Amino acid sequence: MIKNLIAPIQAWLLAQGHCVGCGTPLVKGKRKEVRGQTTVTCSCGRIFIHDKAKNKYRRALFDEI
Ligand SMILES: [Zn+2]
């Protein structure tokens, strides 16, 4: 039930370029190139992938970190 509510909020935050955990704009995160992708590490420790072509963020998968 709660999960059903949180998922759309997290998707919305990510679509706005914000961390799903703490709401910090990901432009402030630490960027690093990993195998041709840009990873963004938020100050809270969550890691995202920045899709430069679409200018969108998504959560990094375990093997992408
Ligand atoms: Zn965060």
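Strands here are DSSP runs of E, at least two residues, and helices are runs of H or I, at least four, both numbered from the N terminus.

This is a predicted model, where local features need pLDDT of at least 70 and side-chain atom pairs count only at pLDDT 80 or more, while totals for chains, interfaces and linings use all residues. Residues are numbered from 1 along each chain as its sequence is written, and side-chain values use heavy atoms, with hydrogens and water left out.

Back to the strands. β2 covers residues 37–41 and pairs with β3 in the antiparallel sense over four bridges; pairing requires at least two DSSP bridges between two strands. Threonine 41 stands opposite isoleucine 47 in β3.

On to β4, residues 56–59. β4 runs antiparallel to β3, joined by four bridges. Histidine 50 has tyrosine 57 in β4 as its bridge partner. These two strands also form a hairpin, with four residues between them, and asparagine 55 in the turn has a positive phi of about 55°.

How many of the five residues of β3 are buried? Four, across residues 47–51. Buried means under 20% relative accessible area, exposed over 50%, partly exposed in between, with a 1.4 Å probe and protein chains only.

Last, the helix. Leucine 5 lies in α1, residues 2–15. Leucine 5 is exposed, at a relative accessible area of 58%.
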